Amino acid sequence: MAALALPVAGLVGLAGPAQAAGSATATFTKVSDWGSGFEGKWTVKNTGTTTLTSWTVEWDYPAGTQVTSAWDATVTSSGTHWTAKNVGWNGTLSPGATASFGFNGSGSGAPGGCKINGGTCDGGTTPTDTPPSAPGTPTATGVTETALTLSWSAATDDKGVKNYDVHRNGTKLTTVTGTSFNDSGLTKGTAYSYTVTARDTADQTGPASGALSVTTPGGGTGPGPDPGAKVKLGYFTDWGVYQRNYHVKNLVTSGSAAKITHINYAFGNVQNGKCTIGDSYADYDKAYTADQSVDGVADTWDQPLRGNFNQLRKLKAKYPNIKVIYSFGGWTWSGGFGQAAQNPAAFAQSCHDLVEDPRWADVFDGIDIDWEYPNACGLSCDTSGAASFKNLMSALRTKFGGSNLVTAAISADGSNGGKLDLADYGGAAQYVDFYNVMTYDFFGAWDAKGPTAPHSPLTSYNGIPIAGFNSEAAITKLKGKGIAGSKLNLGIGFYGRGWTGVTQDAPGGAATGPAPGTYEQGIEDYKVLKTSCPTTGTVAGTAYAKCGSNWWSYDTPATIAGKMTWAKNQGLKGAFFWEFSGDTANGELANAIHTGLQ
């Protein structure tokens with residue numbers, strides 16, 4: 001039995017009443033350490049003159065260190081505080097007798113604040129260290145629609161206060177060493193509650209301060225941050241956590257999280273007429289270490305939700321104005337929409353069941369449909385009919401109701417008889433909060449010989465290869481179908497498209513094939529192109545670059561500024577971009593959208 005190791009979560013037992021303090025000692029020994037973990041052992045000794053009939057050992061571990069399995073005792077935890085109780089056969093100790101229990105653990109911390117049967121582990125009657133006192137109730141100054149400054153009086157402790165945890169609406173927000181904190185990314189007209197707890201040099205946490213309730217000025221109703229505010233939406237891809245090594249925390253470190261209003265999480269799949277998970281490991285299973293996590297807290301093996309979904313939950317705790325939308329389909333997975341359109345109500349029910357799954361219902365604020373393309377051809381051709389898209393969006397709105405966002409990414413083909421004319425986007429507009437018009441990828445090296453052309457032209461220009469393939473034509477066509485500009489977002493690509501074998505600097509040159517790219521031929525991130533192939537000119541509101549025999553087109557902060565001015569003049573809802581990982585480490589393109597839509 002002594003060799004049997006069980007997960008801590010499976011250890012359930014009862015111990016008898018604790019004995020009087022001061023009649024026992026407990027000694028810790030680290031038996032072995034293999035780098036990623038260790039084996040520990042506690043030895044309990046009866047130092048009194050009467051028989052003990054039970055014993056309880058308590059200790060604290062610093063954050064990041066924990067028990068993973070144990071034997072010969074029932075071990076439980078509450079946060080960083082651990083408790084071990086004897087099992088039935090080793091609780092009785094005559095004077096001078098000992099009992100031991102062991103465990104495996106992870107992390108490098110040492111136990112502190114040890115108590116045996118309520119007394120100190122060295123045989124005393126009071127703990128050698130006491131937790132800190134509660135800090136003073138915080139106050140708020142400099143309150144604006146989106147930010148405020150918290151201040152509180154210091155806690156006291158016999159060994160000294162190390163830092164403070166700030167909690168907003170019951171969730172830990174940050175840890176600071178001083179007695180103030182500037183909170184930002186708030187939503188206007190919203191009530192927030194704050195408390196503060198202190199931690200001493202032994203990593204003991206004291207009681208919470210009194211609660212401060214504060215409401216930011218301004219207001220607005222509806223499922224978005226503010227119905228009148230401009231949308232600033234970015235796509236976050238589940239596969240970015242692999243080769244690209246791009247994670248939700250990068251939205252924070254880049255500064256982009258403070259400058260966006262919405263995130264489209266891409267993608268969920270569409271199979272057998274239903275919404276399904278796209279990548280279960282990346283979505284909700286991948287474990288994050290403390291340094292990779294949004295809030296600096298590591299995932300544990302037994303927590304109910306990990307992966308991107310949990311990181312997005314933590315991001316929303318820090319930036320409660322951000323709305324996260326679960327996007328389904330995309331270029332690769334749009335083939336399933338035709339079957340979904342045969343029974344829109346069943347499809348909507350399956351999507352609602354997935355998006356509102358109790359494990360992550362709080363993460364998502366709605367659903368986005370990226371069907372490329374209804375009643376037209378993308379990777380495959382759909383023949384479900386012109387009404388299929390409208391029927392699908394109607395069913396989704398009925399199921400998700402008015403409190404959730406329902407959005408769609410749609411074609412930007414402004415040509416006569418093109419994709420925008422093949423489905424009833426005008427009729428479906430009544431069911432959506434907004435459309436993301438994919439005003440990029442108009443031209444690229446799938447036409448290997450050229451002519452070279454900017455992939456995201458804002459307007460037409462002399463020599464454009466296909467009439468109607470530009471942002472202005474698409475927006476004009478959609479408005480002509482009765483769709484208000486306030487339901488349309490302009491698309492920006494955070495990447496470039498390029499050719500090789502080009503001799504001409506200006507657009508319209510011949511080529512021999514796609515230019516080399518990091519992940520795929522003919523496409524490259526902005527963060528790479530800005531230094532590897534700086535722009536040499538602009539055309540139709542976007543930039544192009546020729547370096548050697550390679551020719552690229554991509555947007556820069558300057559061209560984005562021009563596009564945002566155009567979007568505001570057109571009365572558009574805002575802008576969106578594909579996708580976060582193409583931006584620089586300091587989020588300069590996301591910042592250009594944010595600044596341009598102010």
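Reader: Let's start with Leu396. Leaving aside its neighbours within four places in sequence, what is Leu396 in contact with?
Author: Its contacts are Phe347, Ala348, Cys351, Ile367, Ile369, Gly401 and Val406. Keep in mind that this is a predicted model.

Reader: Which residues have the most contacts inside the largest nonpolar core?
Author: Leu396 is one of them, along with Ile263, Phe347, Ile367, Phe389, Met393 and Tyr435. That core has 96 residues.

Reader: And which helix gives the largest share of this core?
Author: Helix H7, residues 388–400, which supplies six residues. As background, nonpolar side chains in soluble globular proteins tend to be buried together.

Reader: What about another core, apart from that one: how many residues does it have?
Author: It has 23 residues, and Val67, Ala73, Phe103 and Cys114 are among them.

Reader: OK, cysteines then. How many disulfides does a search of the whole structure find?
Author: Four. Counting bonded cysteines along the chain, the pairing goes 1-2, 3-4, 5-6, 7-8.

Reader: Where do Cys275 and Cys351 lie?
Author: Cys275 is in strand E20 (residues 274–276) and Cys351 is in helix H6 (residues 344–355), so the pair ties together parts that are 76 residues apart in sequence. Cys275 and Cys351 are buried.

Reader: Is Cys547 buried or partly exposed?
Author: Partly exposed, because its relative accessibility is 23%. Cys533 has a relative accessible area of 1%, so Cys533 is buried.

Reader: Switching to helix H9. Which residues of H9 are buried?
Author: Ser471, Ala474, Ile475, Lys477 and Leu478. Seen down the axis of H9, they fall within an arc of 160°, so they line one face of the helix.

Reader: Why would residues three or four places apart point the same way in an α-helix?
Author: Because an α-helix has 3.6 residues a turn.

Reader: What covers the buried residues of H9?
Author: The cover includes strands E23 (405–410), E24 (434–437) and E25 (488–493), plus helices H8 (425–428) and H11 (557–569).

Reader: What goes on at the start of H9?
Author: A side-chain oxygen of Asn470 comes to within 3.3 Å of the backbone nitrogen of Glu472. After H9 comes Gly482, with a positive phi near 90°.

Reader: Last one: where is Pro62?
Author: In the loop between strand E4 (56–60) and strand E5 (66–71). Not counting residues up to four places away in sequence, Pro62 touches Gly109, Ala110 and Asp203. The C-alpha atoms of Pro62 and Phe389 are separated by 54 Å.

Methods
Residues are numbered from 1 along each chain as its sequence is written. This is a predicted model: local features need pLDDT of at least 70, side-chain atom pairs count only at pLDDT 80 or more; totals for chains, interfaces and linings use all residues. Side-chain values use heavy atoms; hydrogens and water are left out. A disulfide is a pair of cysteine sulfur atoms within 2.5 Å. Helices (H or I, at least four residues) and strands (E, at least two) are DSSP runs, numbered from the N terminus. Buried means under 20% relative accessible area, exposed over 50%, partly exposed in between (1.4 Å probe, protein chains only). Contact means heavy atoms within 4.5 Å. The arc is that of the directions from the helix axis to the C-beta atoms. A polar contact is a pair of N or O atoms within 3.5 Å; within protein, one must be able to donate a hydrogen and the other to accept it, and residues adjacent in sequence count only if both atoms are side-chain atoms. A nonpolar core is a set of buried Ala, Val, Leu, Ile, Met, Phe, Trp, Tyr and Cys residues joined through side-chain atoms within 4.5 Å.
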